[in-house]
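Hi,

Here is the structure I promised to hand over. Please open it first; my notes follow below.

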Amino acid sequence: MVKIINLGHASFLIKSSDVSLVIDPYRDNSVPGLMFPRVKANYVFKSHDHYDHNATELVRIVPTDKKIKYETVVVPHDHHNGENRGLNIIHIFYLDGLKIVHTGDLGCIPDREVLDKLMDVDVLLAPINGHFTISAKELFEITDIINPRIVIPMHYYKDYNNSGYPDGLQIDIFKDLAEEYLEVNGYEIEINDELFNHKVVIFNGELQEEK
């Protein structure tokens, strides 16, 4: 059993049956409208060193003997081979039989060698900002190739709480392209067979503070 908890922006708390991790915690006030919730996990990861992704010190680490199986792939943060914004790390996690990919600030459509590593993904967490990252349209070009079972968009402006960087409402473009999607009126989902009936999951909330 795996749970994915939305922490806002591009950050998530992912819990499996015996281990937990946070990916891309952001510094307070680095993302308009958001303060990072104080959470705990066994591990913390970052995709790159920008302030809205690298606040690993804000996660309280709970030591464990359990290990996480994962791979990393380095890709450009922009459309110019990293010349403008540097490089970014894609994390591929293997948890409870699931392959979960967090692309960080993916800045362009990866080459075929990278896309091949992302095949057979169960859950794809990917940005749609369109300026600092790939756009909604580019994300769907990627999903047409790798065919994830579930896509969860991240790193976009949310008008329900006025958070995130302005992006021309990429989420509306994303919804039009998706056609069918599940909107979660909260911040947490459990990955199960029923959820896999939906190709796209959109969070309409983020955790404010761990209880």
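First, the strands. Strand E2 (residues 11-15) pairs with strand E3 (residues 20-23). The sense is antiparallel, over 4 bridges. Within this pair, Lys15 lies opposite Ser20 of E3. Keep in mind throughout that the model is predicted.

E2 and E3 belong to an open sheet of 5 strands. The strand order is E5-E3-E2-E1-E13, and the pairing is mixed. Which strands sit at the edges? They are strand E5 (43-45) and strand E13 (188-191), each of which pairs on one side only. On average, neighbouring strands of this sheet are turned by 20° against each other, direction ignored. As a reminder, strands of a sheet pair through backbone hydrogen bonds, either parallel or antiparallel.

Look for Lys158 in the loop between strand E11 (150-154) and helix H3 (170-178). Is Lys158 buried or exposed? Its relative accessible area is 7%. The cut-off for buried is under 20%, so Lys158 counts as buried.

What does Lys158 touch, leaving aside residues up to four places away in sequence? The contacts are Asn6, Ser163 and Glu206. With Glu206 there is also a polar contact: the two side chains are joined at 3.1 Å.

One more pair to check on screen is Lys158 and His9. These residues are 149 residues apart along the chain. Their C-alpha atoms are separated by 9.2 Å.

Best wishes

Definitions and conventions
Residues numbered from 1 in each chain as written. Predicted model: local features only at pLDDT ≥ 70, side-chain atom pairs only at ≥ 80, totals over all residues. Heavy atoms only, no water. Helix = DSSP H or I, 4+ residues; strand = E, 2+ residues; numbered from the N terminus. Buried < 20%, exposed > 50% of the residue type's maximum accessible area, 1.4 Å probe, protein only. Contact = heavy atoms within 4.5 Å. Polar contact = N/O pair within 3.5 Å; in protein donor to acceptor, adjacent residues only side chain to side chain. Pairing = 2+ DSSP bridges. Axes fitted to C-alpha atoms, helices over the stretch in contact; angles between N-to-C directions.
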